[in-house]
Protein chains: 2
Amino acid sequence: MIDFMSVIKERRSATKFIQDVEISQQELDDMFSLTKFAPSAFNLQHAHYLAVTDPARKEEIYEAANKQYKVKTASATILVLGDTKAYQQVGRLNEGLLNLGVLNRQEYDITVESTIQFYEKRGEIFQREEAIRNASLSAMQFMLIAKAKGWDTCPMIGFDPEAIRSLFNIPEQYIPVLLITLGKEDISSQRPRGYRKPISEFVTYNSF
Amino acid sequence: MIDFMSVIKERRSATKFIQDVEISQQELDDMFSLTKFAPSAFNLQHAHYLAVTDPARKEEIYEAANKQYKVKTASATILVLGDTKAYQQVGRLNEGLLNLGVLNRQEYDITVESTIQFYEKRGEIFQREEAIRNASLSAMQFMLIAKAKGWDTCPMIGFDPEAIRSLFNIPEQYIPVLLITLGKEDISSQRPRGYRKPISEFVTYNSF
C-alpha cells in the first residue's frame with residue numbers, strides 16, 4: 001500500500017538522473033494502464049504517449065531539446081502528444097456504451113453529433129487548446145503514478161516542437177504538449193524544493 | 001493512510017451531486033495547500049483558483065455553463081484560471097532561493113532574464129498555451145487530492161469563458177482553463193465508467 005499524500009508530497013521535478021538505469025516496456029505499460037483513467041473532455045482521450053528508451057533516439061531528442069542533459073540520462077524520455085482531432089473518434093469511443101445498452105441509439109446519435117458540433121463550431125484554436133489541456137491532465141496523472149512506482153520525472157517545455165515532429169514523423173493532427181524525462185533521481189546534488197506561493201496568492205473565494 | 005492506487009482507480013467524473021452538502025473554506029484550503037506542489041514550467045505557478053461556494057454566484061455560473069445541473073448542486077464550483085503573464089513574476093518567485101544562497105546573484109539574474117526571454121520570444125499564443133498546460137497539470141493534482149479527501153469532482157469545458165470573465169471581473173491576463181464541480185457524488189444513478197482505449201492505441205514506443 002502506497003500512501004497517497006506521501007506521493008503528492010514527495011513527487012518533485014528531478015533535475016539529474018542516475019545514469020544507465022533501464023526501464024522495461026512492461027513497467028511503462030503498467031503506468032500507462034493506470035494513466036488511462038485520467039478524465040478527458042467528452043471522454044475523448046486526447047493524450048498520446050511516445051515513450052523513447054532507445055539511446056540513439058534519446059540523443060536525437062537531446063539535440064532538439066536545447067541539449068538538456070537529463071534527456072540523455074533519463075531511463076525514458078516521453079513525449080506527451082495531444083490529438084487535435086480526438087473528437088472525430090467520438091462514435092467509435094461510445095460504441096461500447098451503445099452495445100451495453102447504457103446509451104440507446106438516439107442518445108448515442110445525439111452524443112456523437114453534439115460532440116462533433118461542439119469542436120467544429122469552436123474551431124481550430126480551441127481544438128489545439130483542448131489537446132493541450134487534456135494531454136496535460138493525463139500527464140500529471142502519469143507523473144504521480146510514476147512516483148508511486150518508484151520513478152522520478154521532470155516535465156519539460158524547452159524543446160523545438162517542429163524538430164521533434166519531424167524526427168518521429170508525428171502526424172499533423174498531434175501536437176507536442178510536454179516532454180517528460182523519467183528515471184531514478186540522483187539526489188547527491190539536489191536543490192531545495194522551489195518556493196511555492198501561499199494559498200492566499202493563488203486561491204480566491206467567490207469573487208476576484 | 002490513503003492508498004494511492006485506490007485514489008487513482010476510484011476517481012471518476014461525477015455526473016450528479018447530492019444536494020445541499022456544504023464544504024468549508026478550510027477544507028478547500030487543505031486541498032489547495034497540497035495542490036501547490038504540482039510542477040509548473042520554471043516553477044512559475046500559472047494556476048489560479050476561483051472557488052465559488054455562494055449559491056447566488058453558483059447560479060450565475062450555471063447560466064454561463066449551458067445550464068449544466070451539476071454546477072448548481074455541487075458544494076463548490078471551481079474555476080481554474082491560467083496566468084498568461086506568470087513569467088513576469090520570475091524575479092519575485094526566485095528571491096527566496098537567492099536569499100538562501102541556493103542561487104548566487106549571477107545565477108538569479110540569468111534565471112530571471114532567460115525565463116522572460118523564453119516567454120517573450122515565443123509570443124502570446126505560447127503564453128496562452130502555457131497558461132492552459134500548467135493550470136491543467138495543477139487541476140489534475142487538485143482533483144486527485146479532492147478524491148483522497150472524500151470528495152468527487154467533474155472537470156468541465158462547456159461554458160462561455162467571456163461570460164465567466166465578465167461575471168467575476170477576471171483580469172485580462174488570466175484565462176479560464178477549466179471549470180471543476182466538486183461535491184459528494186449521488187451514485188444512485190451512476191453510469192458505468194467510460195470506455196478507455198487499450199494501451200496499444202495511445203502509447204507508442206521509440207517511433208511513431
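This is a predicted model: local features need pLDDT of at least 70, side-chain atom pairs count only at pLDDT 80 or more; totals for chains, interfaces and linings use all residues.
**Where chain B meets chain A**

- On the two sides of the interface, 85 residues of chain B are in contact with 85 residues of chain A.
- One salt bridge, formed by B:Glu129 with A:Arg128, has its closest N and O atoms 2.5 Å apart.
- Polar contacts between chain B and chain A amount to 40 residue pairs, counted where both residues have pLDDT 80 or more.
- Several elements of chain B each supply at least two residues of the side that touches chain A, among them helix 1 (4-10), helix 2 (25-35), strand 1 (47-52), helix 5 (90-100) and helix 6 (105-148).
- Helix 6 of chain B gives the largest share of the side of chain B that touches chain A, namely 17 residues.
- When the residues on the side of chain B that touches chain A are sorted by type, 51 are nonpolar, 15 are polar and 19 are charged.

**Strands and a helix that link the chains**

- A:Ile199 has its place in helix 8 of chain A, which spans residues 199-202, and, when its neighbours within four places in sequence are left aside, A:Ile199 is in contact with B:Asp29, B:Phe32 and B:Ser33.
- Between A:Ile199 and A:Ser24 there are 39 Å in space, C-alpha to C-alpha, and the two residues are 175 residues apart in sequence.

**Chain A as a whole**

- Chain A has eight helices and five strands, and from the N terminus on its elements follow the order α-α-β-α-α-β-α-α-β-α-β-α-β.
- Taken along the principal axes, the box that the C-alpha atoms of chain A fill is roughly 60 × 45 × 35 Å.
- UniProt, in an unreviewed entry, lists residues 8-184 of chain A as "domain: Nitroreductase".
- The span of residues 8-184 of chain A is 51% helix and 16% strand, and its end C-alpha atoms lie 17 Å apart.

**Contacts within a single chain**

- In chain A, the side chains of A:Arg105 and A:Asp109 meet in a salt bridge with an N to O distance of 3.8 Å.
- Both A:Arg105 and A:Asp109 belong to helix 6 of chain A (residues 105-148), where they lie four residues apart, about one turn of the helix.
- In chain B, B:Tyr69 lies in helix 4, which is made of residues 69-73, and, not counting residues up to four places away in sequence, B:Tyr69 touches B:Gln19 and B:Tyr62.
- With B:Gln19, the side chain of B:Tyr69 makes a polar contact, side chain to side chain, at 3.3 Å.
- B:Tyr69 and B:Leu44 are 25 residues apart in sequence, while their C-alpha atoms are 35 Å apart in space.

Methods:
Residues are numbered from 1 along each chain as its sequence is written. Chains are lettered from A and ligands numbered from 1 in the order in which they are written. Side-chain values use heavy atoms; hydrogens and water are left out. UniProt positions are given in the numbering used here, feature names are shortened, and annotations may be inferred rather than shown by experiment. Contact means heavy atoms within 4.5 Å. A salt bridge is a side-chain nitrogen of Lys or Arg within 4 Å of a carboxyl oxygen of Asp or Glu. A polar contact is a pair of N or O atoms within 3.5 Å; within protein, one must be able to donate a hydrogen and the other to accept it, and residues adjacent in sequence count only if both atoms are side-chain atoms. Ala, Val, Leu, Ile, Met, Phe, Trp, Tyr, Cys and Pro count as nonpolar, Asp, Glu, Lys and Arg as charged, and the others, Gly among them, as polar.
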